[in-house]
Amino acid sequence: MKDIRQINNPYNDDKVIDACSIFGMMDTTGGRFSGEAIIRAIANMHVRGNGLGGGFAIYGLYPEYADLYALHIMYLSRQGQQETEAFLRDRFYLVLDEEVPTRPTPAIVNPPLVWRYFVRVDQHKPANQSEDDYVVNRVMEINTRLSDSFVFSSGKDMGVFKGVGYPEEIAEYFGLEEYEGYLWTAHGRFPTNTPGWWGGAHPFSILDWTVVHNGEISSYGINRRYLEQFGYQCTMQTDTEVIAYAVDLLIRKHNLSIEIAANILAPPFWAEIERRPPEEQKLLRTLRQTYGSLLLNGPFTIIIAHRGEMIGLTDRIRLRPLTVGVKGDMLYLSSEESAIRLVCPELDRAWSPMGGEPIVGILGQPFEPRRTIREMIVDAN
Amino acid sequence: MAKSGGNSVVKINASGVFYRELNARLRDIASNDAQRVELHNVCGQRYIGTDLDKPIEIEIFGTPGNDLGAFMDGSRVIVHGNAQDGCGNTMNEGEIIVHGHAGDIIGLSARGGKIFIRDDVGYRAGIHMKEYGDKKPVLVIGGTAQDFLGEYMAGGILILLGLNLSAGEHHQAKYIGTGMHGGVIYLRGSVEDYQLGQEVGIADLEEKDYQIVRKLVGEFAAHFDYEPATILEGKFIKLYPRWLRPYGRLYAY
């Protein structure tokens with residue numbers, strides 16, 4: 001483990017001011033592109049991080065295995081690998097396994113082993129359980145019960161690459177300019193409350209959901225306890241983990257729309273709700289009563305992604321920055337506008353959304369602002 | 001390093017130059033009494049113009065990084081592009097003119113100088129601007145603002161013009177002037193009461209207010225090639241702090 005103080009504060013200043021960087025880019029027509037641009041973009045925000053965490057999520061990554069769950073797993077020991085591989089052979093049909101290729105990178109010291117497995121669930125799952133739920137449960141088992149093993153990602157046609165280092169160093173280590181996808185997100189970390197370790201780097205992921213985050217979730221405790229009731233176990237020692245599980249629960253399991261989920265994670269203040277029309281009040285009150293334990297308190301900007309969708313969201317009073325850029329079919333989300341301009345100087349439009357307002361890019365649809373809750377109620381009637 | 005002096009313009013290609021090096025070169029150039037610097041291909045470099053105390057003019061092409069002109073003391077920065085967060089942070093004197101939009105916390109804790117933003121600004125513009133004696137910071141915004149405009153404002157003049165709003169359209173910002181205990185906001189257009197912080201009073205402008213607004217709108221219009229009379233035709237309201245020491249009795253007993 002690197003000594004955080006040496007990197008973070010070599011001159012022993014009383015206070016160090018810094019922040020995470022996040023970036024996302026998506027071709028809404030599904031065209032796949034290499035990591036070259038996003039590596040440059042996240043590196044342009046180098047000073048927002050401190051070298052204690054960097055990572056990327058890529059969608060449209062494994063088109064030749066698009067129907068298989070791709071498990072990216074980190075091992076801290078060979079024994080952990082043997083234990084987990086025996087577990088995988090027992091619980092899945094293993095189509096392919098390989099070490100994730102890396103190259104020597106001076107900045108990356110003591111890396112763990114990272115392997116990927118393409119698996120099918122087949123007859124392994126109970127008849128009354130969905131394949132996705134089966135995979136979630138196995139991921140939780142690996143993370144909590146098997147030694148020295150942590151699952152980076154477990155979705156189809158996607159993968160997470162992350163570790164301790166600046167994001168551009170992690171990209172070099174894993175050779176990410178060689179991969180292609182239609183949607184990429186990236187993170188440069190400045191750990192605040194929790195240690196800098198490989199599992200704690202962003203993105204956080206379950207199934208094909210990934211989250212990169214700038215800020216801190218002060219409601220982590222209550223969010224975590226709520227999610228534990230649904231079988232999600234937090235093991236990565238970082239607050240962001242709860243967001244990945246929350247969106248999996250709300251959007252995949254409870255089948256809620258992103259607009260509704262945004263109003264659960266970052267709901268309007270009560271005073272604001274009271275100014276809304278009666279039907280809208282009723283909906284917003286119901287959401288707060290039902291899902292109050294998933295309200296994310298504290299400052300945050302997040303980019304959530306899953307197959308075919310990229311979502312940017314900030315806390316209700318935007319205590320962390322987010323700039324949106326649109327150029328033709330490309331959608332960009334970034335902590336800083338300059339990082340977008342570096343890779344796409346001539347944008348059609350660049351702006352910062354209001355706090356709590358989700359920005360959603362959808363595969364196969366040109367970008368457009370989302371419907372408000374009010375418009376959804378009118379539509380439903 | 002090119003020696004410069006008199007009226008020569010120093011041009012720098014900032015592409016890929018780390019912010020510390022760029023600012024070191026600016027300090028060096030300013031100490032050589034150059035009058036003008038052009039920075040091309042700027043992309044995210046922070047603190048441009050920080051703690052310069054010479055009347056040098058810095059013209060920026062591109063997207064400067066956070067805290068543009070922080071602690072600046074008398075220089076003039078012109079941005080052909082958009083500015084990011086923290087532009088004019090704790091500026092003491094000088095001017096920042098942005099031909100585009102700007103991010104969050106524009107002019108935070110400014111204690112002097114003038115900032116002109118042609119288009120919209122993000123959250124918390126003018127947060128905790130302050131004044132003392134003849135030091136009075138000015139922030140003029142041509143577009144509209146997001147929430148917490150003038151939060152904790154302790155001094156200075158903030159003008160919000162709303163030039164991109166259609167006729168009759170309200171400003172959308174909420175929590176305007178929350179915690180405000182000094183200075184003044186002149187707002188062209190209208191807001192609902194609930195959009196204002198509880199510390200804020202509304203009044204019509206008096207002649208001495210109009211003198212200030214006419215002068216600063218004139219400067220704004222000259223920077224961005226607007227017709228000042230057209231801007232001044234709009235209805236202005238004055239937002240002021242109802243108490244100068246809202247918590248003066250908090251610890252009194």
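Predicted model: local features only at pLDDT ≥ 70, side-chain atom pairs only at ≥ 80, totals over all residues.

Val211(A), for instance, stands opposite Ile304(A) in S13(A). S13(A) in turn pairs with strand S14 (residues 309-314) of chain A, antiparallel and over six bridges, with Ala305(A) standing opposite Met310(A) in S14(A). As background, the strands of a sheet pair through backbone hydrogen bonds, either parallel or antiparallel.

These pairings belong to an open sheet of five strands in chain A, which has the order S11-S12-S13-S14-S18 and antiparallel pairing. S11 and strand S18 (359-362) of chain A stand at the edges, and because each has a single partner strand, one side of each is left without a neighbour in the sheet. From one strand to the next, the twist averages 15°. Helix H7 of chain A, made of residues 241-253, lies across S11, S12 and S13 of chain A and runs at about 135° to S12(A).

The chain holds another sheet to explore. Which strands make up the open sheet of seven strands, and in what order? The order is S8-S3-S10-S1-S16-S15-S17 in chain A, and the pairing is antiparallel. The edge strands are strand S8 (158-163) and strand S17 (349-351) of chain A, each of which pairs on one side only. In this sheet the twist averages 10° from one strand to the next. One of its pairings joins strand S3 (residues 54-59) of chain A to strand S10 (residues 183-188) of chain A by six bridges, the two strands running antiparallel, and Gly54(A) stands opposite Gly188(A) in S10(A).

Helices pack on this sheet as well. H2(A) touches S1, S10 and strand S16 (330-334) of chain A, and the direction of H2(A) makes about 155° with that of S1(A). H5(A) touches S3, S8 and S10 of chain A, and the direction of H5(A) makes about 60° with that of S3(A).

The two helices also meet each other. The axes of H2 (residues 36-43) and H5 (residues 167-174) of chain A come within 8 Å and cross at roughly 150°. Angles over 145 degrees count as roughly antiparallel, which is why H2(A) is described as roughly antiparallel to H5(A). On the H2(A) side, the residues that take part are Ile39(A), Ile42(A) and Ala43(A), and they meet Pro167(A), Glu168(A) and Ala171(A) in H5(A). By class, the residues of this contact divide into five nonpolar, no polar and one charged.

Cys20(A) sits in the loop between helix H1 (4-8) and strand S1 (21-27) of chain A. Is Cys20(A) buried or exposed? Cys20(A) counts as buried, because 25 C-beta neighbours lie inside 10 Å, whereas the cut-off for a buried residue is 20 or more. Leaving aside neighbours within four places in sequence, the contacts of Cys20(A) include Arg48(A), His187(A), Phe190(A) and Asn214(A). His254(A), by contrast, is 234 residues away from Cys20(A) in sequence and 31 Å away in space, C-alpha to C-alpha.

Stepping back, the secondary structure of chain A comes to 12 helices and 18 strands. Of the 381 residues of chain A, 51% count as buried. Among contacts in chain A between residues at least 6 apart in sequence, 75% join residues at least 24 apart. The C-alpha trace spans about 60 × 55 × 40 Å along its principal axes. A compact globule of 381 residues would have a radius of gyration near 21 Å, and the 20 Å of chain A agrees with this.

Finally, chain A has a partner in the model, for 15 residues of chain B are in contact with 16 residues of chain A. The side of chain B that touches chain A has three nonpolar, eight polar and four charged residues.

Note on methods: Residues numbered from 1 in each chain as written. Chains lettered and ligands numbered in written order. Axes fitted to C-alpha atoms, helices over the stretch in contact; angles between N-to-C directions. Helix = DSSP H or I, 4+ residues; strand = E, 2+ residues; numbered from the N terminus. Parallel < 35°, antiparallel > 145°, perpendicular 65-115°, else oblique. Contact = placed C-beta atoms within 7 Å. Nonpolar A, V, L, I, M, F, W, Y, C, P; charged D, E, K, R; others polar. Pairing = 2+ DSSP bridges. Buried ≥ 20, exposed ≤ 12 C-beta atoms within 10 Å, placed from the backbone. Rg over C-alpha atoms; globule rule 2.2 N^0.38 Å.
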